[in-house]
Amino acid sequence: MGNILPKGDKKLLNAWAFYDWANSVYNLTISSAVFPIFWGALTIVRNDQGEIIDDTVRFLGIDFNNDSLISYVTAIAFLVVSFISPLLSGIADYVGNKKNFLKFFCYLGAISCIGLYWFSLDFLWFGLLCYFFALIGFWASLVFYNSYLPDIAFPEQQDAISAKGYSLGYIGSVILLIINLVMIMKFEWFGFESEGVPTRLSFVMVGVWWIGFSQYTYYYLPKGNKKDTFSKAIVFNGFKELNMIWNAMRNDIRLRRYLGAFFVYSMAVQTIMLIATYFGIEELDWGEQDATTGLIISILLIQLVAVLGAFLTSRASAKYGNINTLIVINIIWIGICIYAYTITTPNQFYVAAAIVGLVMGGIQSLSRSTYSKFLPKDAVDTTSYFSFYDVSEKIGIVIGMFSYGIIAQLTGSVRYSILFLILFFVVGLILLFRVPKSNS
């Protein structure tokens, strides 16, 4: 049942932030580190010199570039999330049971991660289905998780607790990734004959970690603000509520302009985060270095620096303001993209990874808390408000991943897509300058 704690209570805030610790292992192990490397090993054929000689995958009778296939599956999953999020969040706010929705998608994602243990080219449809539902579970659960922020924290607490959540997520996911890395690279210590089984076991460990640690969050989070009992008309009430919020946002210049800026620059940020490892696998000359170890080291570097980035961004926003801080971060992202287009060696990749980590943690936590602070003071249906935020992010990812997939299919190179992403940051920067300091 859990304990009912007052808004702003330290224990309640910490319990909310701890869900980042529970779920971020998906983002690191499945989205960024182990699974992309596993996918590359499964789908890329190399010669004795390590050069790629075939990277096509046959699925549903069609030959795909391996990067394009996984990016299309990713984009379709995000499209589903962007469609169901407003519907489910409207229902959850109306019925007042958003904690149950949070649990459902958590368990869907975690069980799907466990299912990745059986991923193989012989049963590619099953593996991609598990990947598909794991992604939906993770991102759909975040709709409800993020919507709790204005419910459990006062405006002056939101920047700090949002940054703490991301920091906990980075630390927790790094701990599990290090455990998985030791299992994979030193498989003989654990009695395995190769790195294949421990790699697959890392997917299982993600699911168990996610379910296990989320129980602490569920114990303290309130159920939600109950408004009515469930009925057949509930679906239509959800759409009606969304329409009301959309109209309210149209009259809120600051919130509307900020959401537009977020949509554009987040499109680039999320796409870079999703394709970074695939870029490292195919575009870098690793020479005698082990690519798997090098890639995971760079991802660990990103995660650890991101903790510092989230903290520094929180401090900077308190001193210089949220929008000014986001403007500076977007300028840094433009510089990163220009530099990334030129890199060819692992050491250059590590430098880029360190800078990405510094601004990645900052832009995520500050974007979330800025939106939360811009919501109307009397907003009750916060889940529906946050669904607009999340839908903006997801549709942006759909556009970004489809663009990446098409460019990879046509050119065979990720570098051209990086140049394309610079445009999104430039437009996002211009839109941030148009966000007024207040609605008055």
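## Valine 57 and its surroundings

Not counting residues up to four places away in sequence, valine 57 touches Trp39, Thr43, Ile62, Asp63, Phe64, Asn66, Leu69 and Leu124, where contact means heavy atoms within 4.5 Å. This is a predicted model, in which local features need pLDDT of at least 70 and side-chain atom pairs count only at pLDDT 80 or more, while totals for chains, interfaces and linings use all residues. Residues are numbered from 1 along each chain as its sequence is written, and side-chain values use heavy atoms, with hydrogens and water left out.

Valine 57 sits in strand S3 (residues 56-59). Helices (H or I, at least four residues) and strands (E, at least two) are DSSP runs, numbered from the N terminus. With a relative accessible area of 4%, valine 57 is buried; buried means under 20% relative accessible area, exposed over 50%, and partly exposed in between (1.4 Å probe, protein chains only). One of its contacts, Leu69, is 12 residues away in sequence and 7.7 Å away in space, C-alpha to C-alpha.

## The protein as a whole

Stepping back, the protein has 15 helices and four strands. Of its 440 residues, 59% count as buried. Among contacts between residues at least 6 apart in sequence, 83% join residues at least 24 apart.

## The nonpolar core

How many residues does the largest nonpolar core have? It has 141, and those with the most contacts inside it are Phe35, Trp39, Tyr258, Trp333 and Tyr371. Helix H10 (residues 253-283) gives the most to this core, with 17 residues. A nonpolar core here is a set of buried Ala, Val, Leu, Ile, Met, Phe, Trp, Tyr and Cys residues joined through side-chain atoms within 4.5 Å.

Let us look at one of these, tryptophan 333. Leaving aside neighbours within four places in sequence, tryptophan 333 is in contact with Val269, Ile272, Val356, Val359, Met360, Ile363 and Phe425.

Helix H1 (residues 10-32) and helix H2 (residues 34-43) pack at an angle of about 15°, with their axes 3 Å apart. That makes H1 roughly parallel to H2, a label for angles under 35 degrees, with over 145 counting as roughly antiparallel, 65 to 115 as roughly perpendicular and the rest as oblique. Axes are lines fitted to C-alpha atoms, for helices over the stretch in contact, and angles run from 0 to 180 degrees between N-to-C directions.

On the H1 side, Leu28, Thr29, Ile30, Ser31 and Ser32 meet Val34, Phe35 and Pro36 of H2. The residues of this contact divide into five nonpolar, three polar and no charged. Ala, Val, Leu, Ile, Met, Phe, Trp, Tyr, Cys and Pro count as nonpolar, Asp, Glu, Lys and Arg as charged, and the others, Gly among them, as polar.

Helix H5 (residues 124-147) reaches 35 Å from its first C-alpha to its last, close to the 34 Å expected for its 24 residues at 1.5 Å a residue; the expected span is 1.5 Å times one less than the number of residues. H5 is mostly covered, with 20 of its 24 residues buried.

Threonine 199, in helix H8 (residues 196-220), counts as buried at 9% relative accessibility. Beyond neighbours within four places in sequence, threonine 199 is in contact with Val34, Phe38 and Ile184.

Isoleucine 355, in helix H13 (residues 346-374), counts as partly exposed at 35% relative accessibility. Isoleucine 355 touches Ile332 and Ile336, not counting residues up to four places away in sequence. Asparagine 324, in helix H12 (residues 322-342), counts as partly exposed at 45%. Asparagine 324 and leucine 432 are 108 residues apart in sequence and 8.4 Å apart in space, C-alpha to C-alpha.
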